[in-house]
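Have the sequence and the 3D view open as you read.

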Amino acid sequence: MKKIHHRALIISAARKLFWRQGISNSNVHQICEEAHISRMTFYREFDNKQQLVNEVILDIYNELIETQKAILEKPTPFIERINEIVFLESQLFC
């Protein structure tokens, strides 16, 4: 497997676990099991869980920005686009 693929697998697994059971209740062992990788592979990609948490947050932030850009580019009235963005952001915190 390619290095970038491992990184993506780990981030995806961590996002699932963090969402399901919280960051503090998720450990490296569980993340490795979810991603079907070894701990050695995890530590080749990340120094520690905190670095992974930072990467996951950045990943979510980048997705949000891309989604907002796509909404703003729609040919709908401005107020509808803003309402869609507000709704999207409100769903993140429910």
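Predicted model: local features only at pLDDT ≥ 70, side-chain atom pairs only at ≥ 80, totals over all residues.

1. A word on terms before anything else: a helix here is a DSSP run of H or I with at least four residues, and helices are numbered from the N terminus.

2. Now for the overall layout. The protein chain has 5 helices and 0 strands, and reading along the sequence gives you α-α-α-α-α. Its radius of gyration is 16 Å, well over the 12 Å that the globule rule gives for 94 residues, so the chain is more spread out than a compact globule.

3. How much of the chain is tucked away? Of the 94 residues, 28% count as buried. As for how the chain meets itself, take the contacts between residues at least 6 apart in sequence: 44% of these join residues at least 24 apart.

4. Next, have a look at the largest nonpolar core, which has 16 residues. Ile10, Ile31, Phe42 and Leu52 are the ones with the most contacts inside this core. H1, helix H2 (28-35) and H4 each supply at least two of its residues, and the largest share, 6 residues, comes from H1.

5. Which residues does Ile10 touch, leaving aside its neighbours within four places in sequence? Ile10 is in contact with Ile31, Ala35, Ile37, Thr41, Phe42, Glu45, Phe46 and Leu52.

6. Then there's the largest pocket, with about 450 Å³ of space in it. It is lined by 16 residues, and Arg15, Trp19, Ile60, Tyr61 and Leu92 lie nearest its centre. The elements giving two or more residues to this lining are helix H1 (3-21), helix H4 (49-72) and helix H5 (78-92). H4 gives the most, with 8 residues. What is the lining made of? Its residues divide into 12 nonpolar, 2 polar and 2 charged.

7. Is Gln68 buried or exposed? Its relative accessible area is 15%, and the cut-off for buried is under 20%, so Gln68 counts as buried. Leaving aside neighbours within four places in sequence, Gln68 is in contact with Ile85 and Glu89.

8. Last, do check His36, which you'll find in the loop between H2 and helix H3 (39-45). Most residues other than glycine have a negative phi. The phi of His36, however, is near 60°, a positive value in a residue other than glycine. With a relative accessible area of 71%, where exposed means over 50%, His36 is exposed. The C-alpha atoms of His36 and Leu9 are separated by 8.4 Å, and these two residues are 27 residues apart along the chain.

Definitions and conventions
Residues numbered from 1 in each chain as written. Heavy atoms only, no water. 1 Å grid on protein atoms, 1.4 Å probe; cavity = no way out; pocket = protein on both sides within 12 Å on 5 of 7 lines; lining within 4 Å. Points joined across faces, edges and corners; volume = space filled by probe spheres on them. Nonpolar A, V, L, I, M, F, W, Y, C, P; charged D, E, K, R; others polar. Buried < 20%, exposed > 50% of the residue type's maximum accessible area, 1.4 Å probe, protein only. Contact = heavy atoms within 4.5 Å. Core = buried A, V, L, I, M, F, W, Y, C linked by side-chain atoms within 4.5 Å. Rg over C-alpha atoms; globule rule 2.2 N^0.38 Å.
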